[in-house]
Each structure stands twice: as C-alpha cells, then as structure tokens.
Amino acid sequence: MTLDRKVGLLAGLRYKGGGPMLAWILHRITGLGMIVFIALHVIASLLGGDIGIAINTVYQSLYFQLFVVFGIIFHGVNGLRIIVLDLWPKFIEYQRESTWLEWFIILPVYGLTAFVMISRFLAGE
Amino acid sequence: MEVKLKVFRYNPEDDEGKHFDTFTLEAEPTDRVLDLLEQVKNYVDGTLTFRRSCAHGVCGSDAIRINGVNRLACKVLVQDLKSKTVKIEPILGLEVEKDLVVDMEPFFRHYKSVLPYFVNDDPPPMKERLQSPEERSRFDDTTKCILCASCTTSCPSFWINEEYVGPSAIVNAHRFIYDSRDQAAAERLEILNDQFGVYRCHTIFNCTDACPREIEVTKAVGEVKKAIATGRLE
Ligand code: FES
C-alpha cells in the first residue's frame with residue numbers, strides 16, 4: 001500500500017464539512033482515546049510500582065474519567081448511527097435527522113452519567 | 001457593494017511560491033463568484049489562471065473551494081456568501097498546476113477504471129432497448145453527474161490516499177450498475193470491492209454537501225457498498 005498524501009492535516013481540518021465531518025473526526029478521536037485508555041490500563045498493571053501508581057492516578061481522576069465516558073458513549077452511538085446508515089442506505093436521505101437523533105440520545109445519557117460521577121466525587125466516594 | 005477577494009496563487013515558473021493575493025472589487029449582490037474571478041482576470045491581473053467553460057453549471061470545469069467548501073464558481077452568488085471577504089482556493093487532493101488549476105488526471109483515471117459506459121453484448125434490437133419508467137428512475141439521481149470533482153476532492157479518504165477511487169467514480173459506476181439494460185454490474189462491483197474501492201468511504205457526507213447537482217452521493221456509495229456485501233441489486 002502506498003500512502004500518497006497530498007493534503008496536510010491542517011489543510012484538511014480547515015475544510016468546512018460541517019456537522020457530519022465533525023462527527024467523523026470526533027469518532028476517530030474518541031476511538032483513539034479509548035485505545036490510549038486501555039493501553040494505559042495494561043501498561044500500569046504491567047509496570048506496577050511508582051509509574052503504575054502515577055498512571056492510575058491520571059486515569060482515575062474525575063476529568064479523565066469524564067472524558068473517557070464521553071468518548072465511549074459518543075463512539076458507541078455514532079458507530080451505531082453509521083452502521084444503520086450502511087445497512088439501510090435508504091435512511092441516508094435522513095442523515096441530518098440521524099445526527100440530531102444521535103445527540104438526542106448522547107446528551108441525556110452522558111449528562112446523567114456525568115451527574116452521577118460528579119455527585120459521587122463531591123460526596124467523596 | 002464592495003467585496004474582498006482573497007485568491008490562492010501559485011506559479012511554478014516564478015519563485016513567489018504559494019501565497020494569497022487580495023483584490024478589492026465592486027460587485028452586484030447577484031454577481032457570481034465566477035464573475036468576480038473574470039473581473040480580476042480581465043481588468044486587474046491577466047495572469048490569474050482558472051478553468052471555466054459554460055459558466056452555467058453544466059460543464060463542471062470551475063470547481064474550487066469558496067470560503068472553505070467545494071463549490072462551482074458559476075453557481076455561487078455573492079449575496080449568498082456569509083462574509084464580504086471571499087477566500088478562493090483550488091480543490092484539495094489534486095496537484096496544483098497554476099493558481100486554481102489542478103491536475104485532474106488521477107480523478108479521470110479513477111472515473112475510467114469503473115467502466116463508465118453502457119455494456120450489453122446482446123445483438124441490438126430493431127428498435128430501442130426498452131426500459132420502464134420505474135427502471136429508469138432507479139438510477140436517475142446518478143445520471144446528473146457533471147464530473148466536476150467537487151465530491152471526490154471534498155473527501156478526507158481521498159485526501160489521505162489518492163488511490164481511493166473516490167465518490168465521483170462510484171456515482172458513475174452506480175449509474176450503470178442499476179441500469180436494467182446493462183450487463184456489467186458484477187464486473188463493476190468487483191472493481192469497487194477493492195482495498196481502494198467503496199469501503200474507503202467512511203460516511204462523512206462532505207461529498208453530498210459539495211455536489212452542485214444535488215446528487216445524494218453518499219447514498220449512491222452506500223447502495224453500492226450494500227450491493228457488494230449482499231450480492232444483490234435492490
Ligand atoms: S463553468 Fe461550466 S460548470 Fe461552471
């Protein structure tokens with residue numbers, strides 16, 4: 001396979017593709033985010049000791065957890081949206097609505113999860 | 001009204017490199033972006049180079065990036081632009097030859113690769129090859145392509161790898177794959193079932209937004225994907 005890239009990352013990102021392109025970029029970022037998360041988990045257990053503890057502290061922190069949970073929920077729901085559009089191309093006509101529906105699911109699910117996480121954190125659990 | 005036109009410039013024969021030139025022009029709200037480019041070329045700087053032919057959205061030669069999205073210069077009115085500063089750049093993913101002119105060779109190579117012509121080896125009937133209105137309407141949308149390359153050059157998969165066959169070629173394959181009179185659907189699906197074929201499409205929808213003929217490009221690609229996966233034409 002030859003990689004013949006003519007367009008730089010920044011030039012590509014400057015293209016104004018709008019919502020669906022952003023969803024795709026976010027899908028990639030959250031996918032990579034999950035890989036990093038799992039890799040950190042494995043590395044932490046593998047190394048143990050001070051480094052292991054340091055890594056654990058990072059990914060157990062509330063901010064990191066909030067980010068990871070968002071990543072998982074977004075990646076899952078957006079992935080399902082793409083699967084549905086791929087399996088039933090007739091729905092592609094409604095792709096704009098499908099993006100709305102997606103956020104309609106993500107926001108309450110994530111909002112609720114984040115609420116529980118933050119309140120537990122504040123309660124010192 | 002006054003419009004600022006910020007145009008990408010590149011001349012391989014001078015050493016100024018890639019840069020932008022800004023022109024301040026007097027324009028009517030109903031002028032098209034193409035009119036602005038013509039105004040520069042005819043009255044300000046004759047070296048400005050761009051393609052255009054019909055000026056009526058038919059030939060597909062003036063696809064460029066206007067304020068960050070692919071559009072035909074001859075179909076965008078000044079009054080429809082959100083700002084009074086208009087940024088004009090060549091379409092992405094193809095080598096720039098001069099100013100707004102890009103090398104379309106890779107684009108047409110992919111187009112040719114999908115057998116974009118009618119194939120039927122049966123002896124031609126005495127009259128026409130009949131087709132019902134329903135059969136004709138099955139591929140009506142994809143007959144509208146004017147090969148302007150707006151869709152292919154808006155596609156991140158194509159930016160990443162020029163070997164990707166691209167939405168436009170798939171649209172043109174779709175036009176014949178779903179034609180009831182054609183006999184080479186299986187062959188075309190085989191060509192597109194390749195590592196650089198339809199599955200490089202990640203359903204990003206830039207192509208559908210970019211198409212000046214309002215073809216449901218992503219839908220056509222989706223239908224071809226499904227036909228390959230199921231082996232059936234629906
Ligand atoms: S000049 Fe022919 S399509 Fe614009």
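Tutor: First, a sorting rule. Ala, Val, Leu, Ile, Met, Phe, Trp, Tyr, Cys and Pro count as nonpolar, Asp, Glu, Lys and Arg as charged, and the others, Gly among them, as polar. Also keep in mind that this is a predicted model.

Student: Got it. How do the residues of the lining of the largest pocket divide?
Tutor: Eleven are nonpolar, six are polar and nine are charged.

Student: And what volume does the largest pocket have?
Tutor: About 540 Å³.

Student: Which lining residues are the closest to its centre?
Tutor: Gln95(A), Arg96(A), Phe205(B), Thr208(B) and Asp209(B), out of 26 lining residues.

Student: Which elements give two or more residues to that lining?
Tutor: From chain A, helix H2 (19-47) and helix H5 (95-122). From chain B, strand S4 (69-72) and helix H7 (206-210). H5(A) gives the most, with six residues.

Student: What about domains? How is chain B divided?
Tutor: Into domain 1 (2-102) and domain 2 (105-230). The pocket lining draws at least three residues from each of them.

Student: How many residues are in contact between the two domains of chain B?
Tutor: 14 residues of domain 1 are in contact with 16 residues of domain 2. The domain centres, taken over C-alpha atoms, are separated by 29 Å.

Student: New topic. Which residues touch the most other members of the largest nonpolar core?
Tutor: Leu5(B), Leu37(B), Ile88(B) and Leu192(B). The core has 65 residues. Helix H8 (residues 217-230) of chain B gives the most to this core, with six residues. Both domains of chain B take part too, with at least three residues from each.

Student: Take Leu37(B). What does it touch?
Tutor: Leaving out residues up to four places away in sequence, Leu37(B) touches Leu5(B), Leu48(B), Phe50(B), Ile64(B), Ala73(B), Ile88(B) and Leu100(B). Apart from that core lies another, of twelve residues, including Ala23(A), Leu62(A), Val69(A) and Met117(A).

Student: What does Val217(B) touch?
Tutor: Cys151(B), Pro167(B), Val171(B), Cys207(B), Thr208(B) and Cys211(B), again not counting residues up to four places away in sequence.

Note on methods: Residues are numbered from 1 along each chain as its sequence is written. Chains are lettered from A and ligands numbered from 1 in the order in which they are written. This is a predicted model: local features need pLDDT of at least 70, side-chain atom pairs count only at pLDDT 80 or more; totals for chains, interfaces and linings use all residues. Side-chain values use heavy atoms; hydrogens and water are left out. A nonpolar core is a set of buried Ala, Val, Leu, Ile, Met, Phe, Trp, Tyr and Cys residues joined through side-chain atoms within 4.5 Å. Buried means under 20% relative accessible area, exposed over 50%, partly exposed in between (1.4 Å probe, protein chains only). Helices (H or I, at least four residues) and strands (E, at least two) are DSSP runs, numbered from the N terminus. Domain bounds come from an automatic or database domain assignment. Contact means heavy atoms within 4.5 Å. On a 1 Å grid over the protein atoms alone, a cavity is a set of points where a 1.4 Å probe fits but cannot get out, and a pocket is an open set with protein on both sides within 12 Å along at least five of seven lines; lining residues have an atom within 4 Å of a point. Grid points are joined across faces, edges and corners, and a volume is the space filled by probe spheres set on the points.
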